[in-house]
Structure formats: C-alpha cells, structure tokens
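Have your viewer open and try each task before reading its solution.

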Amino acid sequence: MSSHPARVHAVLFDAYGTLFDVYSVSMLGEQLFPGQGERLAVLWRDKQIEYTRLCSMSGPQPGQHYRPFWEITRSALRHAAARLKLELTAEREERLMNQYHHLSAFPENREVLQALRARGVRAGVLSNGDPSMLAVAVRSAGLQDLLDPVISVHETRRFKTDPAAYALGPQALGLPAREILFVSSNAWDAVGATWYGYTTLWVNRASMPPEELGAQPTRTAANLRAVLDFFPS
C-alpha cells in the first residue's frame, strides 16, 4: 500500500463516471438506435466534456460563455446524434435526457458510503453537474442520506479542472485540500485535483493507461472500495 502525503478527514466524489455510470445510457441508446447505442454513449460523453472545457476556457472574461451542465449535456447529445447520422426526434431526445437524470449507480456505492458513515467520515460530491441535475441523480440512486455536501460548480460558472471549481471543496468542508480525498474515475479529473492539492484516488475501472503529464494521483484502484483504505476502521 502506497503512502499518502497527509492524513485525510473527508471525501469528495466526482459524480458522473464515478458514482454514476455515464455509459449506462447505451442500453436505451441501443433500443432507440440498434447497433449504435455504445457509440452514441461514448461520443455523447466525449462531446459533453469537450463542451465544458470550451465554455470554461473561452472568452476574455472567466465564465463568459458558461452554460449549465444540463444544457451542455443536451447539446452534446444533439451533436453526437448528428455525427452518427441518427434521427433524434424530440421524443427520443427527451427519453435519453431523462435517462441521464437516472443513470445507473455503481454497485459498491452504498456499501462504501455506509462504511464511511460508520467510521465517522464525511462524504460528499463535487461535480460539474448543476444543482437540480445532481439532486435528481442522488435521489434516484437513493444516496441522499449518505452524501453531504453535494457541491455543484454552477456558482463559479466554470467547470473542472478550473481551480475555482476545485476550491469549492475546501470552502465547504473547512479543510485544506490535502486533507480531503478527492475520488474520480476520470483520469483528467484526478490529475486536475492532484495539481490543485487534493489527496486523490483515481478509480480506473477500465484499466486505462495513466495520463502522460508528469503528475499521478496519490493512489489508483479498480473500484470505490479502495476509498476505505484511507480510513482504517
């Protein structure tokens, strides 16, 4: 077991991809567009993240081109469907967007969050999602009693990996970043949080290679259960 630079006292989870499976929309995508469900889900997600960066980084003033994550998600869906030459009717669009409200949660979520609660560890969310979107997702997964705070970047009008987005965690928890474990299955997010100063865990579910940017998360694991290694019972 590798060492980590500081004792951590709380956990913040990324939401989309970490607690909620963004690719679970492929099942409905496959029903609507046979043979294209997986391609649609992947392209949708890639374009969604690309749009967050475009909106955060463009313009002379920070946040000038900000759009809420829900709007970006819809725009990304439209682009993905057009690129794949799929007939995205209004009814199909609403079905897919509704499915994004109710993404499948990863199976170990409740076990890990309950164990953290039993150990007296505060566990919350720091996400690109806007507040209403996050509230629905957390409630749909039945995790509303196990996650506090649920922090949206919305108030900053900037998305991760902007430092203003990561700064919300220490502000909400009253702890320095190094004493907060930030958990993400998105390698870019884990690197961004590491650069900001968090203790980090990259949940590498798909056995992807690490980012080649000269920075590595504090620890890497295959699922969320590794969070508990930071908080011995």
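With a relative accessible area of 3%, Tyr198 is buried (under 20%; over 50% is exposed, and partly exposed lies in between, with a 1.4 Å probe and protein chains only). The model is predicted, so local features need pLDDT of at least 70 and side-chain atom pairs pLDDT 80 or more, while totals for chains, interfaces and linings use all residues. Residues are numbered from 1 along each chain as its sequence is written, and side-chain values use heavy atoms, without hydrogens and water.

**Exercise 1.** Classify the ring pair of Tyr166 and Tyr198.

Step 1: Rings of Phe, Tyr and Trp (its six-membered ring) pair if their centres lie within 6.5 Å; here the centres are 6.1 Å apart.
Step 2: Planes under 30 degrees apart are stacked, over 60 edge-to-face, the rest tilted; at 70° this pair is edge-to-face.
Step 3: Tyr166 sits in helix α7 and Tyr198 in the loop between α9 and β5 (199-203), so the pair ties together parts 32 residues apart in sequence.
Step 4: Tyr166 is buried too, at 1% relative accessible area.

**Exercise 2.** Describe the surroundings of Glu108.

Step 1: Leaving out residues up to four places away in sequence, Glu108 touches Arg205, Asn223, Leu224 and Arg225 (heavy atoms within 4.5 Å).

Notes. Helices (H or I, at least four residues) and strands (E, at least two) are DSSP runs, numbered from the N terminus.
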